[in-house]
Amino acid sequence: MTVLVIAEHDNAELNDATRAAVTAASKIGGDIHVLVAGKGAGAVADAAGKLDGVAKVLHADAEALEKKLAEAMEALVVSIAGDYDAILAPATTVGKNFMPRVAAQLDVMLISDITAVESADTFVRPIYAGNAMLTVKSNDAKKVITVRPTTFDKAGDGGSASVDTIDAPAPAANSEFVSEELSKSDRPELTQAKIVISGGRGMGNGENFAILEKVADKLNAAVGASRAAVDAGFVPNDYQVGQTGKVVAPELYIAVGISGAIQHLAGMKDSKVIVAINKDEEAPIFSVADYGLVADLFDAVPAFEAELEKAGY
Amino acid sequence: MKILVPVKRVVDYNVKVRVKPDQTGVDLANVKMSMNPFCEIAVEEAIRLKEKGIAEEIVVVSIGPAQAQETIRTALAMGADRGIHVTTDETVEPLGVAKILKGVVEAESPELVLLGKQAIDDDSNATGQMLAALMGWPQATFASEVEKTDSGFKVTREIDGGLQTLSIPSPAVVTTDLRLNEPRYASLPNIMKAKRKPIDAKTPDDFGVDISPRLEVVKVSEPPKREAGVKVETVEELVGKLKNEAGVI
């Protein structure tokens, strides 16, 4: 049995999501190979070789792989798929983009966003935005899987695998990269952040999100919002945490002025520690919160920030 | 230009689903069903492209039981021109759906297949990409902006950490993300008009597609329950607990 893990990276550094996927691969069993596809990503290939449990690194270098365009990734992965019993990639926007193409090309049903490996052919994945957990057994000869990075431990650096260079075949279809606009904020990305602070309808307006941003800056947290806050036009849609927005599972999730509608809970209830600040003590958010503070957020949030300041944050 | 918009009937996003006690699935009896929110966004975008004079015809396709026809009618009431209903009572996995859609695409020859990035029941996020692969077409997933160009489309995509813009030749597959638009509500006159719009009835067999599932459901279980924790009285107490008890800051 040999398992291929496709690395997530930005051509300079290996993304931690890759480490989680390697851990998932080790639970499947067998040799683990890592594919680093990119442009000038030699350092990433070297870093992948150091991952615990990795037996070999395959490095493909091509223009179209710089941004891991789906069509080019499909052609590359399919060209080496014959050597593998399972192919895994992190369920990031990159992995979600090309992995279904790989699966379809191999005539295999993709197993999306797994949160646990039960055996070499049986996996657990959330459905209904995590309101139910589905255990599936794949009857396909090859398994094509995306891995939810937040639910697997990150593989450490104890390996010394060799790096082989492989060719990247030309894709059947071509999309062309035009530009990228990565958020300039110094804050971490919502789905990657260790701490998230989100505001709801109780924030009153968009300007008031500034008080959350101050706390976020102290804690190196990302700022999110409930759908109600997005619908009310307080913040853009990409802030949205919930069933129709982003699903997050940080170490600490602070819900401010959020009542806790099902649709929001679905997007954050896997967080390790949940704090709720709300003046309505009956708010459903308190039923999932580890720490609840019944208070007016406009008093509590600035006081929280001041207290963090005092504690040296 | 003709646009094909595949749509799915799912449990309404406001419904709290319950896992059946025998763990065979979730309880769908007497549960409100609606068009998948991402599919609604796809229908809306297609209509906007038609209103701008870029698209001439919008064909909506749904694969599912008899009631999927209601979902098609909703899209027709929003402004789509005609429907195709591929009837089946089986659960069809994204791979099967993509294979059926390939048959529909070959019959209809659209320049653009515009569909939701994922269905909020199964959450696979796979059908659009699979269809693109089976057709050998380019794709732009998670779109927040779609613009017609001379040779195809310029699409802005929601990616982790920001936005990415791609240029893709047509024909192509585009999947929609939340920020693309805000879907309209169908007006009463349009709902009435939609009743007279044609819906073709098909079956998976018409496309020669084997839809037998590849994934066997072992069980569907409740996610781990969260217990309510403690109430704190002051922010000092909160910061203290987060620091010393939970160790998360």
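Tutor: Two strands are said to pair if DSSP finds at least two bridges between them. The model discussed here is predicted.

Student: Which residue of β13(B) stands opposite Y291(A)?

Tutor: Strand β16 of chain A, residues 291-294, pairs with β13(B) in the parallel sense. Three bridges join the two strands, and a pair requires at least two. Within β13(B), the residue opposite Y291(A) is V230(B).

Student: How many residues does chain B bring to the contact with chain A?

Tutor: Chain A contributes 78 residues to this contact. On the side of chain B, the elements that each supply at least two residues include α3 (94-108), β7 (139-148) and α6 (235-245). The residues of that side divide into 38 nonpolar, 14 polar and 17 charged. The contribution of chain B is 69 residues.

Student: Are the residues of strand β14 of chain A, 252-256, mostly buried or exposed?

Tutor: In a regular strand the side chains alternate between the two faces of the sheet. In β14(A), L252(A), I254(A) and V256(A) point one way, while Y253(A) and A255(A) point the other way. A residue counts as buried if 20 or more other C-beta atoms lie within 10 Å of its own. Five of the five residues of β14(A) are buried.

Student: Which residue of β15(A) is the bridge partner of V256(A)?

Tutor: Strand β14(A) is joined by five bridges to β12 of chain A, residues 195-199, in parallel, and there S198(A) stands opposite A255(A). Five bridges also join β14(A) to β15 of chain A, residues 273-278, again in parallel. The partner of V256(A) in β15(A) is I277(A).

Student: What is the handedness of the crossover from β14(A) to β15(A)?

Tutor: Between the two strands the chain passes through helix α7 of chain A, residues 262-268. This path forms a β-α-β crossover, and its handedness is right-handed.

Student: Which are the edge strands of the open sheet of seven strands in chain A?

Tutor: The order of the sheet is β5-β9-β4-β1-β2-β3-β10, with parallel pairing. Within this order, β1 (residues 2-6) and β4 (residues 86-90) share three bridges. An edge strand here pairs on one side only, and the two that do so are β5 (111-114) and β10 (162-166) of chain A.

Student: At what angle to β9(A) does helix α4 of chain A run?

Tutor: Helix α4, residues 93-105, lies across β4 and β9 (143-147) of chain A. The angle is taken between N-to-C directions, and for α4 and β9(A) its value is about 170°.

Key
Residues are numbered from 1 along each chain as its sequence is written. Chains are lettered from A and ligands numbered from 1 in the order in which they are written. This is a predicted model: local features need pLDDT of at least 70, side-chain atom pairs count only at pLDDT 80 or more; totals for chains, interfaces and linings use all residues. Two residues are in contact if their C-beta atoms, placed from the backbone, lie within 7 Å. Helices (H or I, at least four residues) and strands (E, at least two) are DSSP runs, numbered from the N terminus. Ala, Val, Leu, Ile, Met, Phe, Trp, Tyr, Cys and Pro count as nonpolar, Asp, Glu, Lys and Arg as charged, and the others, Gly among them, as polar. A residue is buried if 20 or more other C-beta atoms lie within 10 Å of its own, exposed if 12 or fewer, and partly exposed in between; C-beta atoms are placed from the backbone. A crossover is right-handed if, with the strands pointing away from the viewer, the path from the first strand over the helix to the second runs clockwise. Axes are lines fitted to C-alpha atoms, for helices over the stretch in contact, and angles run from 0 to 180 degrees between N-to-C directions.
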